[in-house]
Amino acid sequence: MRRRPLIAGNWKMNGLIETAQELVEGIGAALSDRERERKLQCEVLVCPPFTAIHTVHQTVSSKGYSMKVGGQNMDVEGPGARTGEICGIMLRNVGCRYVILGHSERRQFFGETNEIVGKKVEAAFRDGLVPIVCVGEELKDREAGRTIDVIRPQLEAVMPRLPEEASKRSTLVVAYEPVWAIGTGKNATPEQVQEVHAFIRKFLTEKLGADTASKIRILYGGSMKPANAAGLLALEDVDGGLIGGAALKAQDFLAIIDANPASD
Ligand code: PEP
């Protein structure tokens, strides 16, 4: 089944108001050209830091760019006494449609466990956001042949947290991001990527049924750049990319968008 690819930019902790504005305008204007020429083959998402989301969304909506806006994290709770946190309703309020959850930097630096990520997935659906759940192994796990042993429980923690309705479940996005390939310039080979993506698809099929699993998009993330994007995006079970470093340069991000295989 053909899934509409999603190309998502994770800006991480980068982007003051002025630079964020410049970046979104650079990407947005070029997307409008591609739309006019009917050359846009994918859905495009940018995930700025919290402080720039409102500005970015205002620009996207006022200029009519073909782009969605998302958050990079959210709290499990609704509004209340949680100093320093941002909840899903707040993300929705500033125009977010998606939220990245369980990024390896959240797991590594902020102690997010599989259980916490599962709870956040539930909260995201509750608050009307589509979660992009990141999974991936560290280098030591891959070298020990434990890649799937790490990814399986990461996915298992999410399954009981999904909504009942199949139509909502199928909007879930999973991003396979081998930790050793994030921000390192080290690439996972297309064979390594397809192997893990095929496992994820099989896992989702067993847990959620073939129909739902066939609709769920599985993104690849980890040093995706213009030079390697076409080979990765053409893989059978790769339905787009989650891009860090290359999402901060409009030309690179656009080149990745252009690398999507043409739709049938
Ligand atoms: C990421 O942070 O999600 C990511 C994939 O980063 P990079 O593209 O820089 O490896």
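**Ligand contacts and helix packing in a predicted model**

Mentor: In this predicted model, a polar side-chain atom of His103 lies 2.8 Å from an oxygen atom of the ligand.

Trainee: And Lys12, how far is its polar side-chain atom from an oxygen atom of the ligand?

Mentor: For Lys12, the distance from a polar side-chain atom to a ligand oxygen atom is 2.6 Å.

Trainee: What part of Gly244 lies 2.8 Å from an oxygen atom of the ligand?

Mentor: In Gly244 a backbone N or O atom is 2.8 Å from a ligand oxygen atom.

Trainee: Which residues around the ligand come nearest?

Mentor: There are 14 residues around the ligand, and the nearest are Lys12, His103, Glu177, Gly183 and Ser223.

Trainee: Let us turn to the helices. How is a packed pair described?

Mentor: Two packed helices are described by the angle between their axes and by the distance between those axes.

Trainee: At what angle do H11 and H12 pack, then?

Mentor: Helix H11, residues 226–233, packs against helix H12, residues 250–258, at about 25 degrees, and their axes are 8 Å apart. Angles under 35 degrees count as roughly parallel, so H11 and H12 are roughly parallel to each other.

Trainee: Which residues make that contact of H11 and H12?

Mentor: H11 contributes Pro226, Ala229 and Leu233, while H12 contributes Asp252, Ala255 and Ile256. By class, the contact of H11 with H12 has five nonpolar residues, no polar residues and one charged residue.

Trainee: H12 also packs with H1. What is the angle there?

Mentor: H1 and H12 pack at about 35 degrees, with their axes 9 Å apart. H1 passes H12 in a right-handed crossing.

Trainee: Which residues of H1 and H12 are involved?

Mentor: From H1 the contact uses Leu23, Gly26, Ile27, Ala30, Leu31 and Arg34. From H12 it uses Ala250, Phe253, Leu254, Ile257 and Asp258. The contact of H1 with H12 divides into eight nonpolar, one polar and two charged residues.

Trainee: And H1 with H2: is the crossing left-handed or right-handed?

Mentor: The crossing of H1 and H2 is right-handed. The axes of H1, residues 17–36, and H2, residues 50–63, come within 9 Å and cross at roughly 35 degrees.

Trainee: Which residues of H1 and H2 meet?

Mentor: Ile17, Ala20, Gln21, Val24 and Glu25 of H1 meet a set of H2 residues that includes Thr51, Ala52, Thr55 and Lys63. By class, the contact of H1 with H2 has six nonpolar, four polar and two charged residues.

How values were computed: Residues are numbered from 1 along each chain as its sequence is written. This is a predicted model: local features need pLDDT of at least 70, side-chain atom pairs count only at pLDDT 80 or more; totals for chains, interfaces and linings use all residues. Side-chain values use heavy atoms; hydrogens and water are left out. Axes are lines fitted to C-alpha atoms, for helices over the stretch in contact, and angles run from 0 to 180 degrees between N-to-C directions. Helices (H or I, at least four residues) and strands (E, at least two) are DSSP runs, numbered from the N terminus. Angles under 35 degrees count as roughly parallel, over 145 as roughly antiparallel, 65 to 115 as roughly perpendicular and the rest as oblique. Contact means heavy atoms within 4.5 Å. Ala, Val, Leu, Ile, Met, Phe, Trp, Tyr, Cys and Pro count as nonpolar, Asp, Glu, Lys and Arg as charged, and the others, Gly among them, as polar. A residue is near a molecule or strand if one of its heavy atoms lies within 4 Å of it. A polar contact is a pair of N or O atoms within 3.5 Å; within protein, one must be able to donate a hydrogen and the other to accept it, and residues adjacent in sequence count only if both atoms are side-chain atoms. A crossing is left-handed if the near helix is turned anticlockwise from the far one by less than a right angle, and right-handed if clockwise.
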